[in-house]
Every structure is written in structure tokens, then in C-alpha cells.
Amino acid sequence: MKRIPGILLALALLAGPVTPLQAVGPACKSVFINPITDICWSCIFPITLGSVPVMPGPYPDTPNPTLPVSICPKPPPLFVQIGLNIGYWEPYALTDVTKMPWCMVNMGMQLAGPNIQQVGGGGRKDPDDGVRDGFYHAHWYKYPVIFWLQLMESLACMATDNFDLAYVTELDPLWDNDELAFILNPEAILFGNPVAQLACATEAMATSTNLVLPFDPLFWCLGSQGSAYPLTGTTGYRDTPTQAATLIMERMNYKLHRQGIVWESLGVDGAVCYQHPMPILPKSRYRYQLSRIIPDSLWCHPYGTTTAIWEMGHDNPVTGDNFGFVNFRKRNCVFL
């Protein structure tokens, strides 16, 4: 993921002091994530060498290179380097989804201060001056926990960025305006009809368990969560707060792909040496788990999987609409 320079400094200067959890009102609940106990470590499996599972796992996997070895071009004086084709699912990003602007759900704090309204903290309102039920803010953190814990030795096979708050929607004028977001997703006009949305029912049925990956050709669908468009924080699909938050988390990932901020590896012979920009979200290469407010670290779920199978006991109305997620991304790499 490419870094947005200076965003943390800008937040510190504009938003004022950080308010700890104890001083936050009932509209914002947040708890700092524990990387040991709050992450589903079994979700990194299967680990593959070429197309052969070395350590199997309970979840479906994406295609992997057929060959166990790759030859990658390198700058002089090496020119080429030989390595093993490794595949695994890396917990590489955290996502907050919240109705309370600047509520850092996974970080245990809320940004506050006299200037908070001037930097995007207003939120979206209905005519009756109440906060709109179907609008959420989101925050995206780079979270290189594999690198921190030194679980992999090859730097090519893990995210080595520093922990960073990489994207906040409070600063994005496209996030709360469906018409303005048309700049990012003009193809949405093709899928805002019952026929196109009816095709999403097949994916929703197929992904009703954890055993099937979502269908990448149906890129305008997010399974049981609803439509991928618009790439904003507004949703009319709100069967439950957990379902709506999951939809916003998946849309946020799509938005970052569309803007070229998140790049992908590929499990293809000859293409595994590099990461590639993908303006269409390869949703089959992602899993997620709930990390906040009530964590669910026992299992994870492919994108589009219905929340009905796991949300019971994890949606506390007292905490408000504040959710944290861990995103697992399939990483195909050359272990050098």
C-alpha cells in the first residue's frame, strides 16, 4: 500500500489533543487491538509451495503458481534471483467502521478538539437534523503484524511498512457524496437496476457459508452484504448494523484499489515477482474477521459471506455502531 505522507501530523495539528477511551462518550466505543489474542492466526492458512499445500487450512484458497520456483529479474549486479513460490493469507490491514467521526475503534481513542469540525467531522444529516442511519465513516490502517512478530524471514513475503493510519474518510469529499463519487465509479450507472442486482443473488447464496470464495466476475456485487456501488459510506442495505459495517469495510477496500493505493500480488507463473495495480477489487483474495468492539478471533470469512452465521453475540447495542475489522489478503510471493 502506498503511504499518504504527513497524514498523522496533519491530524495532530488540526484535530487537537487525543481523547483517551475513558473520556469518550457513549457514541464512540473503542479498545486498542491486541495482536496476539485478537487476531485469528489460523486464518493465515493454507500455506502453499507452488500449488501444493504445505500447511492446510479450513478455508478455501485462491489459485497459486503451478511451479514451486520462480526466477525474478533484479537490478545489477544480480540481474536474476531464484526463490520459492510461497502463498499464504496475511493479516495486513485494520479497518474502523463507525458513525462517530474520528472514532478510532481499533486504537482505543477518539480524536477530538476545537478544530475537529473543520477537518471533516460533521457527518451526514437527514432533513430532521438527525444523523443518517445508513452512513458510516471508515479508517484504514497499515498493520504489518507478520513483520513485527518476525514470522517470515523473506522481506518479499510480507508487508514491511510501518504501522500507519493510511486513509480516513473524514478528509475525503467523495465519501459522503454519491454523485461526486461518480468520478471514481462511473460504471455504477450500469448496475443500478434490478436485473444487475438480481445476479448478485447467486453469489449471496454461494457464499452463505465459509466454504466458497466470492465470484470475481460479479465485481459489482458483495455477496450477502449488497451492492459494491457507490464507493461511499452510504448504504441502503442495513439488515443489521454488523451487516452494514461489513459492507462499508469491503467498499472501503474497493475504493482504495480504485484509487491505486492498494496493489495486489498474483498467483500466476511469471507474475508472482511483483505487485500489480487492480482498479477492480479482487474480492476472492480477501478474508475478514471482526476485531472490535466484541472481537471474534476464532474464525474469519471470505468477502461477501453472510454475517448471519457469526454476528450473534458480537453486536452490542450499548456500544453504538462502532466496528473494527482485520483484513487478510492473499499474498503470493517469491521466498528469496
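## A tour of the chain and its disulfides

Among contacts between residues at least 6 apart in sequence, 71% join residues at least 24 apart. Keep in mind throughout that this is a predicted model.

**Stop 1: the whole protein.** Show the protein as a cartoon. Its secondary structure comes to five helices and 14 strands. Now switch to a surface view. The protein exposes about 14,300 Å², and carbon and sulfur atoms supply 68% of that area. Of the 336 residues, 52% are buried.

**Stop 2: the cysteines.** How many disulfides does the structure hold? There are five. The next stops visit some of them, including the link between Cys 40 and Cys 43.

**Stop 3: Cys 40 and Cys 43.** Select these two residues. A disulfide joins them, with 2.3 Å from S to S. Is this disulfide right-handed or left-handed? The torsion about its S-S bond is about 75°, so the disulfide of Cys 40 and Cys 43 is right-handed.

**Stop 4: Cys 43 and Cys 300.** Follow the chain from each end of the link: Cys 43 sits in the loop between β1 (18-20) and β2 (47-49), while Cys 300 sits in the loop between β12 (286-292) and β13 (301-302). The pair links distant parts of the chain, 257 residues apart. Cys 43 and Cys 300 are both buried.

**Stop 5: Cys 72 and Cys 273.** Clear the selection and pick these two residues. Their sulfur atoms are 2.0 Å apart and form a disulfide. The torsion about this S-S bond is about -85°, so the disulfide of Cys 72 and Cys 273 is left-handed. Cys 72 lies in strand β4 (residues 69-73) and Cys 273 in the loop between β10 (263-264) and β11 (276-277), so the pair ties together parts that are 201 residues apart in sequence.

Cys 273 has 24% relative accessibility, so Cys 273 counts as partly exposed. The cut-off for buried is under 20%.

Conventions. Residues are numbered from 1 along each chain as its sequence is written. This is a predicted model: local features need pLDDT of at least 70, side-chain atom pairs count only at pLDDT 80 or more; totals for chains, interfaces and linings use all residues. Side-chain values use heavy atoms; hydrogens and water are left out. Helices (H or I, at least four residues) and strands (E, at least two) are DSSP runs, numbered from the N terminus. Buried means under 20% relative accessible area, exposed over 50%, partly exposed in between (1.4 Å probe, protein chains only). Contact means heavy atoms within 4.5 Å. Accessible areas come from the Shrake-Rupley method with a 1.4 Å probe; for residues, only the protein chains shown count as cover. A disulfide is a pair of cysteine sulfur atoms within 2.5 Å.
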